[in-house]
Amino acid sequence: MSYTHLDAAGHPRPQLVRDPDWRDLSGPWQFGYDDANAGRSERWMDPEVTEPFAGVITVPYPPESKAGGVQDTGFHPVLWYRRTIEVDRPGAGRRLLLHFGAVDYRAEVWVNGRLAGRHEGGHTGFSCDVSDLIDHDGEQVVVVRAEDQPLDAAQPRGKQDWRRDPHKIWYHRTSGIWQPVWLEEVPEEHVTVLHWTPDVAHARVRCRVQLSLWPRRPLNLTVRLSIGDRLLAEQRTPMDGQEMAFDVSIPALRHAQDLDDLLWSPDQPNLVDATVVLSDAADDTPVDRVGSYLGLRDLGWDDGVFLLNHKPCFLRFALQQGYWPESHLSASADELRRDAELAKEIGLNGLRVHQKIEDPRFLYWADRLGLMVWGEMPSAYAFGTPTVERVVSEWTEAISRDLSHPSIVAWIPINESWSTPNPALVPEQRHFMDAVYHLTKALDPSRPAVSNDGWEVSAADLWGVHDYTQHAHVLRERYGSAALRRGEIAERWPGAKRLLLDGVRHQGQPVILTEFGGATFEPAEGAAWFGYDTVGTEQDFADRLSALVAAAVDSGLAGFCYTQFTDTEQETNGLFTPDRRPKIPLPELRAILTRTRT
């Protein structure tokens, strides 16, 4: 297999690609609601049972959406899906995997009436080995039960509303299957996890590999890294266990004055192609072969500055809800690509994907186009043991899935104390905030992490401030001092709560305006809430945006994140409309957002 990162476009798992191609199971599925929660007892998973599946839904779009073809936004906590597929039994030494990109919130999967697997967590994927459930060639029956309780406040849901109709800053729900479903045939011994962690300063890349099972014979693992026709490294290592981590030396990185064609950055998003081959140590026969890619870049922070490749990097972000009017949290590969392209076209160097673990197909385009991303965990809204268990489990899966994407430059497990509503008063909530920060750093020490973004900051490598003043002079007064880089903040309560919890001390963390702006001049008709302020005309909007961005750029801040990238349902305070039309001409928008310090 000759592989480059270009081959990964549109693949649901772009950093672990096999040949031949995967089989997409998107499209029409039989569908039914189970409001009485009787499906298990009535054996809806049996292949002969078809009556409950009277409807049709287009997977992977949710039933609440127009794109799904159902468009029912009411409370239906239990959903069932059914589909027949033509597939033969895998041959000797082969396995058949059924992958789900995301099912919100709990999922059970049956094939031919037999349980294939279960998963909990609405934003991360899972796989079922269905090989032993296919006892004949030809037609197979796949049944999925999804459970998404709208009133469970301890369930991580992000911006999905717990009320029937959207209110304030929360939106229509996305229940059930909402990312691709696909089949893949693999060798019995195959790579299941492949992580890349670059270390530019030491001219190396850390590679972590996990196999499907403990090796039954001596195996070798060969890693080949290249950019175009330029070979950067080739290394063979004995695979003496099910999991292994090792360093791959990159000699070309030692030439510190000749790195422009190697390093990943928003201005020059170079990607390194990787081929990983698992082979029999006795005769070198290939056992498994996968294509991947990575970006060579280092992240850091010091003296109040965010560092990319050991150089100051001013963050120009917008808050992106990752929501589409006809498909909600779900999106096509083309729509995901277009959002990344639009962000670059208006001069942004990043997006903060808000309260959503975004589809890997979007992260692929962020990697390829040079768009930095903050990875953020969807919040629950009631604190307790279930919240702790659920957030830790799903967040761990999210970091493992996305750790190798060079575009992700920070991790945000909690936003505005939503999963921990009173950390200043309830000690166990602050303990959890600090614990999930340290968990994040244990899983990935290469990136900055923030225990809580916006206010009530505790353990954090970055200090994120949410400040929705509509007056540019107030931003200048609060953040204009050079002392800000030393952690001296003029306003202790710039938002709804105080910025720093007791005992937090500045240790070089950059201060970033991670939410600000939010004005609208196109309020949603009849909406009870649509923005943080309303202006009268397109020119008023441009003037307000220009003044606020100028104040942020001229300050001692290390960057900004404007609220928000697109209008989203009743929250009509975007730079773009819901169908991605700019509120002001693109050249003018770009000129405002790329303004340099005066």
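The largest pocket holds about 860 Å³ of space. A pocket here is an open set of points on a 1 Å grid over the protein atoms alone, where a 1.4 Å probe fits, with protein on both sides within 12 Å along at least five of seven lines. Its volume is the space filled by probe spheres set on the points, which are joined across faces, edges and corners. The model is predicted: local features need pLDDT of at least 70, side-chain atom pairs count only at pLDDT 80 or more, and totals for chains, interfaces and linings use all residues. Residues are numbered from 1 along each chain as its sequence is written, and side-chain values use heavy atoms, leaving out hydrogens and water.

In the largest pocket, 36 residues form the lining, meaning that each has an atom within 4 Å of a point. R13, G125, S127, T192 and R401 lie closest to the centre. Several elements supply at least two lining residues each, including β9 (126-129), β12 (181-187) and α3 (385-402). β13 gives the most, with five. These elements are DSSP runs numbered from the N terminus: helices are H or I of at least four residues, strands E of at least two. The lining has 13 nonpolar, 15 polar and eight charged residues. Ala, Val, Leu, Ile, Met, Phe, Trp, Tyr, Cys and Pro count as nonpolar, Asp, Glu, Lys and Arg as charged, and the others, Gly among them, as polar.

The second largest pocket has a volume of about 670 Å³. It is lined by 26 residues, with S265, D267, L308, N309 and K311 closest to its centre. That lining divides into 11 nonpolar, eight polar and seven charged residues.

Now turn to the sheet. Seven strands form an open, parallel sheet in the order β26-β25-β24-β23-β31-β28-β27. Strands pair if DSSP finds at least two bridges between them. β26 (408-412) and β27 (463-466) are the edge strands, each with a single partner, so one side of each has no neighbour in the sheet. Inside this order, β24 (350-353) and β25 (372-376) run parallel and are joined by three bridges. R352 has W374 of β25 as its bridge partner.

Two helices also meet. α1 (333-345) and α2 (360-369) have axes that come within 8 Å and cross at roughly 35°. Axes are lines fitted to C-alpha atoms over the stretch in contact, and angles run from 0 to 180 degrees between N-to-C directions. In contact (heavy atoms within 4.5 Å), α1 residues including L336 and R337 meet α2 residues including F362 and W365. The contact residues divide into seven nonpolar, no polar and five charged.
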